[in-house]
Amino acid sequence: MKTPVCEIDAKSGFLCPACQDRLSRGELTEADVEVSRILHKYLEQFSLGAVEVGKAIDCGKTLVILTESDAGLLIGRGGKVASVIAKDYGKPVKIIQRTADLRKMVEELILPVRVLGINEVFKGGEKAWRVRIKRSDALRLPMQLSSIEKVLAQLTDQKTTIAFE
Ligand SMILES: [Zn+2]
């Protein structure tokens, strides 16, 4: 299993100097630490050995977990694994698998809202993604715009904005 903090820390509940340093630099968040511990707790019970989680992002009402491995491993049969993670963390959880299909990742994240299109734009000389959705869908977004943009920036490694039209 791969978690945002190292395996020893996920198991012990303490942070080693290297992970502590990443936490102070903002490379790791409290959500990363908490989710690493929760996943380690269920490692054997739910056979999570093949799970690779890169990042956990607390989006206020929802916890988003970005995984490099098959999302099904973290969802579990009948949603069992996702539901114990949600219960331990104290918030509903959304598992997003990192793939090359940007549109699919975005659609999973903002379900039930549909994506009209995604364009690459230049903003201040930097490449950025612009995800277009219907203005009438703004109120149906499952989380705050700033949270969605934060998750998308993590997923794509570049600035991403939502545009309404
Ligand atoms: Zn560590």
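A residue is called buried here if 20 or more other C-beta atoms lie within 10 Å of its own. In this predicted model, that description applies to Asp32, Val33, Val35, Ser36, Ile38, Leu39 and His40 of α3. The elements that cover these buried residues of α3 include α1 (7-12) and α2 (17-24), together with β1 (53-58), β2 (63-67) and α5 (80-89).

## Loop residues with positive phi

Ser47, which is found in the loop between α3 and β1, has a phi near 45°, a positive value in a residue other than glycine. Ser47 counts as partly exposed, because 13 C-beta neighbours lie inside 10 Å and a residue is exposed with 12 or fewer.

Asp157 also has a positive phi, near 60°, and is likewise a residue other than glycine; the loop that holds Asp157 runs between α7 (145-156) and β6 (160-164). With 7 other C-beta atoms within 10 Å, Asp157 is therefore exposed.

## A cis peptide bond

The peptide bond that joins Leu111 and Pro112 is cis, with an omega of about 10°. Pro112 itself lies in the loop between α6 (102-110) and β4 (117-123).

Technical notes
Residues are numbered from 1 along each chain as its sequence is written. This is a predicted model: local features need pLDDT of at least 70, side-chain atom pairs count only at pLDDT 80 or more; totals for chains, interfaces and linings use all residues. Helices (H or I, at least four residues) and strands (E, at least two) are DSSP runs, numbered from the N terminus. Two residues are in contact if their C-beta atoms, placed from the backbone, lie within 7 Å.
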